[in-house]
Amino acid sequence: MTAIKRIGILTSGGDAPGMNAAIRSVVIAAHHYHFAVIGFYHGFNGLLHDEHIKQAQQLSLEDIHNIIQRGGTILKSARCPEMLSEKGLIKAATTLTNEKIDALIMIGGDGSFKGLLDLQAHWPGQIIGIPGTIDNDLDSTDFTIGFATAVNTAIEAIDKIRDTADAFERIFIVEVMGRHSGHITFNVGIACGAEQVLSFENFSIDDKQATLQKLADEINTAQHHHQGSYIIVLAENVWPGGAVALAGELKHKANVDCTACVLGHIQRGGSPVPKDRLLATKMGVAAVQALIEGKHNIMIAEQNNGICHVALVDAVKHQKTVNQQLVDAQQNILALTAQNQY
Ligand code: F6P
């Protein structure tokens with residue numbers, strides 16, 4: 001058991017729907033145990049800049065009223081390259097000491113967790129991470145806050161694209177987010193019945209020309225069989241130049257007309273779905289309770305439907321891989337290929 005009085009909290013990196021629900025949950029749990037919660041604005045920048053004193057604010061129950069359903073983050077977020085330097089880390093640690101913070105809770109993704117890990121060398125307080133990123137790429141937790149909403153948003157968008165694609169019997173390449181992993185791509189692709197999914201898990205740049213030819217052949221076969229609409233869900237950062245370039249190359253190589261559609265930041269916004277609100281709320285309470293238990297340098301995780309603690313250092317060791325059963329099912333059975341479905 002520790003004697004904490006003041007908990008610092010911040011959101012860092014790409015915002016994710018459900019971050020507000022997590023902030024709310026931390027504040028409610030902290031009030032329950034009679035701790036003050038100090039919110040730092042703009043991610044780690046709130047700890048770094050001269051105006052940090054103005055940016056730190058004690059969060060009351062009023063501040064977090066009516067935010068569980070809101071996307072974005074009331075604390076704002078940012079990326080903070082300064083946290084990569086010794087000087088930045090020392091500045092952040094100095095602010096925490098000056099503000100008499102006993103424990104820091106950060107909601108963010110793997111890059112932000114690395115910042116937290118580096119901070120521990122400069123600051124003796126307790127450090128807890130809550131996984132919040134639409135990418136779902138953090139190892140050791142089944143889900144990250146925001147992933148379910150982002151998948152839902154992308155599916156809703158692609159269902160609409162399907163209507164117009166079907167009406168015109170068009171081919172669409174829809175690019176989805178995920179940074180360097182295909183959790184969103186495969187989950188969205190399968191759930192919206194995409195004819196093809198192209199992501200890091202089933203494509204290598206060395207096979208670019210062969211993949212292009214295969215795609216063109218498969219699209220031609222589908223058209224030959226009057227298949228109607230045809231949707232390729234493409235992971236961002238996987239094809240050089242993205243969906244627009246792939247559409248251009250298919251036209252050039254095989255005279256295939258494709259419409260490119262980049263979903264982009266629409267996937268980061270919107271009201272969190274119940275799954276994200278619940279995950280965020282459970283994790284927020286668990287983070288405060290972990291502080292009371294004296295836990296240090298951990299990430300709150302969910303595994304097999306239960307909340308647990310994972311060493312921060314383990315959480316950032318590897319990028320979480322996409323469920324292989326999903327990848328295999330899409331590749332071997334669901335994808336629209338001559339071999340599979342005609
Ligand atoms: O990590 C979340 C994420 O939305 C990624 O999916 C995407 O690659 C990246 O952030 C986009 O970052 P930014 O909003 O800084 O362009």
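How far does a polar side-chain atom of Arg179 lie from an oxygen atom of the ligand?

A: A polar side-chain atom of Arg179 is 3.4 Å away from an oxygen atom of the ligand. Before going on, please note that this is a predicted model, in which local features need pLDDT of at least 70 and side-chain atom pairs count only at pLDDT 80 or more, while totals for chains, interfaces and linings use all residues. Residues are numbered from 1 along each chain as its sequence is written, and side-chain values use heavy atoms, with hydrogens and water left out.

Let's stay with Arg179 for a moment. Arg179 belongs to the loop between strand S6 (171-176) and helix H7 (183-191); helices (H or I, at least four residues) and strands (E, at least two) are DSSP runs, numbered from the N terminus. Arg179 counts as partly exposed because its relative accessibility is 35%. The scale here is that buried means under 20% relative accessible area, exposed over 50%, and partly exposed in between, with a 1.4 Å probe and protein chains only. The backbone of Arg179 deserves a look too: its phi is positive, about 55°, although Arg179 is not a glycine. Most residues other than glycine have a negative phi.

Asn255 likewise has a positive phi of about 55° without being a glycine. Asn255 is in the loop between helix H9 (242-254) and strand S9 (258-262), and it counts as exposed because its relative accessibility is 57%.

Back to the ligand. Around the ligand are Arg79, Ile134, Asp135, Met177, Gly178, Arg179, Glu236, His265 and Arg268, where the test is a heavy atom of the residue within 4 Å of the molecule. For Arg79, a side-chain N or O atom and a ligand oxygen are 2.9 Å apart. For Glu236, a polar side-chain atom is 2.5 Å from an oxygen atom of the ligand. Of the 400 Å² of accessible area that the ligand has on its own, the protein covers 75%; these areas come from the Shrake-Rupley method with a 1.4 Å probe, and for residues only the protein chains shown count as cover. The ligand takes up the space of the largest pocket. A pocket is an open set of points on a 1 Å grid over the protein atoms alone, where a 1.4 Å probe fits and protein lies on both sides within 12 Å along at least five of seven lines. A molecule sits in such a pocket if more than half of its atoms lie within 2 Å of its grid points.

Leaving aside neighbours within four places in sequence, Asn45 is in contact with Gln55, Ala78, Arg79 and Cys80, contact meaning heavy atoms within 4.5 Å. Asn45 is part of helix H2 (residues 45-48) and counts as buried because its relative accessibility is 13%.

Next comes Ser229, in the loop between helix H8 (208-224) and strand S8 (230-235). Ser229 counts as buried because its relative accessibility is 3%. Its side chain makes a polar contact of 3.0 Å with the side chain of Arg162 and one of 2.5 Å with that of Asp166. A polar contact is a pair of N or O atoms within 3.5 Å; within protein, one must be able to donate a hydrogen and the other to accept it, and residues adjacent in sequence count only if both atoms are side-chain atoms. Beyond four places in sequence, the contacts of Ser229 include Ala165, Glu169, Arg170 and Glu195.

Ile23 is in helix H1 (residues 19-32) and counts as buried because its relative accessibility is 0%. Setting aside neighbours within four places in sequence, Ile23 has contacts that include Ile9, Leu59, Ile64, Ile74, Leu75 and Ile107. Ile38, in strand S2 (residues 36-40), is buried because its relative accessible area is 3%. Ile38 and Gln57 are 19 residues apart in sequence, with 5.2 Å between their C-alpha atoms.

Definitions and conventions: 1 Å grid on protein atoms, 1.4 Å probe; cavity = no way out; pocket = protein on both sides within 12 Å on 5 of 7 lines; lining within 4 Å.
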